[in-house]
Structure formats: structure tokens, C-alpha cells
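Okay, thanks for coming, everyone.

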Amino acid sequence: MTSTGDASTALLTDHYELTMLQASLADGTAHRRSVFELFARRLPDGRRYGVVAGVNRLLDALERFRFDEQAIAFLHDRAVVDQATCDWLASYRFSGDISGYADGEIFFPGSPVLVVESSFAEAVLLETVFLSILNHDSAVASAASRMTWWAGGRPCIEMGSRRTHEEAAVAAALAAYIAGFATTSNLEAARRFGIPSAGTAAHSFTLLHDSERDAFVSQVDALGKGTTLLIDTFDLTEAVKTAIDITGPELGAVRLDSGDLPSLAGQVREQLDALGATKTRIIVTSDLDEFQIAALAPAAVDGYGVGTSLVTGSGYPTCGFVYKLVAREDASGELTPVAKKSPDKISIGGRKYALRRRSDAGVAELELIGVGQPPVDDGDDRELLKPLVEGGKIIGRTTPAESQAHHLKVRDELPRSASQLSRGEPAIPTEYSGDLVAHNPFAPRIIR
């Protein structure tokens, strides 16, 4: 995956990560072998599953997580940490191991989406940047997956750049593509990640010209008859008539951006067919979300353009991922589980391993998480944690196309109930196994 550049990512973190580092360096605990895990305690209301995205961006950020001279000078001048800590940070290089769910993978409550194993000092500094990337990208991908599922094979176009921060727009375009979107309107996302881009014209282009006909002629002359003409600037019926008069039946598509989309799409389809343009597609836009896409399933629609709802996670702009220490080295040199017991924020101590249990028919039945030891594979389970970093070396990158193919494959494993948009439980339960769970009265056995 193409990097966004050489800029350091080390200050994309919270102040307290560095103050913890200073204190632990001083007391000698900084170098204790530790295991951090990134997971969500629950899914947003109404969601039956989540989708992981941002793993490749996370690996890019890790590669550039270096405290360069400017970063060290800033920390020194602001007295964020002392000189000894600045000296340690100047040579920082992550040297541990990271495993995790791949881009496009499905996750559920408790899924160990990322497992980071290294010294406390090396791992604690990564909390904020890892969470900010995975919380944002996975929120977009989770919404996008519901949209592409209900689109039922009709292409979805990502077009939300104007509704979010400029860099968030690039990340959102990639996350949407991973979850099945066909194209993006964002050219920087296309350049950076190699995903397909598309776009034609806005209402301003029509209004620029002396007549709608002039605008259509100009666009067709420039882009060819396979272009998409925006037909709802003035009179819809006249626009369709004018468009086909100019192009004949070879017009690629028309776009509707306002009004009662199901009925207008039916009206336009009838008119196009009557004019012989039976292969001209109808694309709809206008603040769509997964609920509207589902409602449009019976309509004469051939594709969807989605913006605001997509880049904001369709109401849930974060996945609620947390990054917690679950094991650390004790005085004897052995890893011992650790966990907080705060009400409603309980975490389960011990290093996790994860399998997706499937039926004989290949349908997902259970998220099986072994605590302290791998769970037993009954023969058709699928291992979920993939090696991403070994000994500080990044080994787990995938291409956007590979991530999209993986997502569509694993989504097909889910029971059909996973597509439901009404409120309900996760599509499959999460079950914990292992001696550490059996002897921990605070650890749940099953999350539904």
C-alpha cells in the first residue's frame, strides 16, 4: 500500500502516553514484556456485525512512528517529558510482534482485533494512533458493508469527501472500497490506494450553460455517450427527452439527485424504455443510507451514490474500540494476566486467540476466543488472527482489492439474519474458553 509520505506519526498520540513512559522508565517497569489488545466491548445499537478496516493504514503509520528531531525538540521545549525520556524516544523503533484481523474481516463484541506484544514502553505509545485509525475506518466500513449488502449487487459509489475532514475523506474512500463499494469520487484516494474513481458533472455545470441541452451536448462531446447525465435540474421529463435526443439509446446513465426517488426512478425507466434506451442505467444520490438503499431495492435503480451517511459511519462515527493491557511479565519472567474490574468496563485478562466456528454448511455460528491458549478447532473453524508484524518487521500488508475480496467472502459466511437493519443481537455470539476464564469469576463465558 502506498504511504502517505515520510512525515512522522509519533505525535499523533496523547500526552499521557509519554508521561506514563517517563514514569515507567524511571521505575524500571517500562521494559516488562506486555500484551495489549484492541477490541470493542459491544456493537452499536442495531448493528449485527462490524467490519475491520484501517489495518494497512495502521501499518503505514507504524512504519513512520519515529521521534525525529522536530518531535524531540517539541517535547523538550514544552517540558512534556524529561531529557532521559527524550533520549530514549530518539531511538524508538517498535521491535515487537503484532497480529490482528485482516482488513475486511468481520468482528463481534470481544473480538481481539489487534494483539500487540512487546515491552510496555514500545506498545503503550501506539494506543492513540492505532485507535484513531481503526475506530474511524472500521466505522465507515461497517456502515458501507450494510449498504453494499442491501444494494444486492448494484454498484455503490463513494462520494462523501465534502462532508468530512480532507484526510478522513481519503481514509473513508478506502474503507468503503474494502466493504464493497465500486468506486470513489476522491482522486487522492485513487492515487494513494489505486482504487477506481468516477465522476461526471454537478448541477452547477448545467446552470453554467445557456440551456440544459447545451450542457448535455458539452458533456457528451467531452466524455462520450457512455457518460452519466444529471437530469433533475429543471424538468425531469424534458431532460430525459433531451438526453436521448442527443445521444440516442447509447447513453450510459442518468442520475437522480432529489425527490421521491422510487417513483421518479420508475417514471424515468418507463420513459427511457419507450425511447429505446433500455440499457441506460439509473443512478440515484441524495443523502442515501443503508435504510434508503434497502427501501429502493424493488425500484428501477441501477446504482447508488452515497456521501454523508457513509463517511460518518451512518450515525456511529466510531466503533468503540479500546486498547487494553491484558498481560504483563511478572517477577519470575512469566506472563501473567491483568484486567480492570470497573463496572460496565470489564476486560478479560490474558492473551487471546480467535477462531470463527462454522457449521457443516459453512455458516458462521460462533466467535470462539481462547484466553491464554488457542481454542480447540473442531475441524472447520477459521483462524482469525493473522501475523502483521514480526520482530518489528511489517509482513502483513494486503492490497485494497484483496481486502475487498476477503470481506465479501467472509460476509457470505454470516447467517442471513446479519443483514437485518432492525435492532437485535450480534449475528453470532462470542464465547470464551480456557483455564484463565474458568477460574475468573468476573469473565463472561458468552456475549450475545
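So, the protein chain is assigned two domains: domain 1 takes in 15-140 + 318-433, and domain 2 is 148-312. Those bounds come from an automatic or database domain assignment. Before I go on: this is a predicted model, where local features need pLDDT of at least 70, side-chain atom pairs count only at pLDDT 80 or more, and totals for chains, interfaces and linings use all residues. Residues are numbered from 1 along each chain as its sequence is written, and side-chain values use heavy atoms, with hydrogens and water left out.

On the domain 1 side, V140, Q404 and L421 supply 34% of the area buried against domain 2, more than any other three residues. And salt bridges across that interface? The rule, a side-chain nitrogen of Lys or Arg within 4 Å of a carboxyl oxygen of Asp or Glu, finds zero.

On to the pockets. We use a 1 Å grid over the protein atoms alone: a pocket is an open set of points with protein on both sides within 12 Å along at least five of seven lines, a cavity is a set where a 1.4 Å probe fits but cannot get out, and lining residues have an atom within 4 Å of a point. Points are joined across faces, edges and corners, and volume is the space filled by probe spheres set on them.

The largest pocket holds about 860 Å³. It has 32 lining residues, and I157, M159, R162, R255 and T285 are the closest to its centre. Strand β11 (303-306) is one of the elements giving two or more residues to that lining, and its three residues are the largest share. Strands are DSSP runs of E, at least two residues, numbered from the N terminus.

Last, the cavities: there are two of 30 Å³ or more. The largest has about 60 Å³, and its lining includes R47, Y49 and F107.

Methods
Buried area = accessible area lost by both parts, 1.4 Å probe. Helix = DSSP H or I, 4+ residues; strand = E, 2+ residues; numbered from the N terminus.
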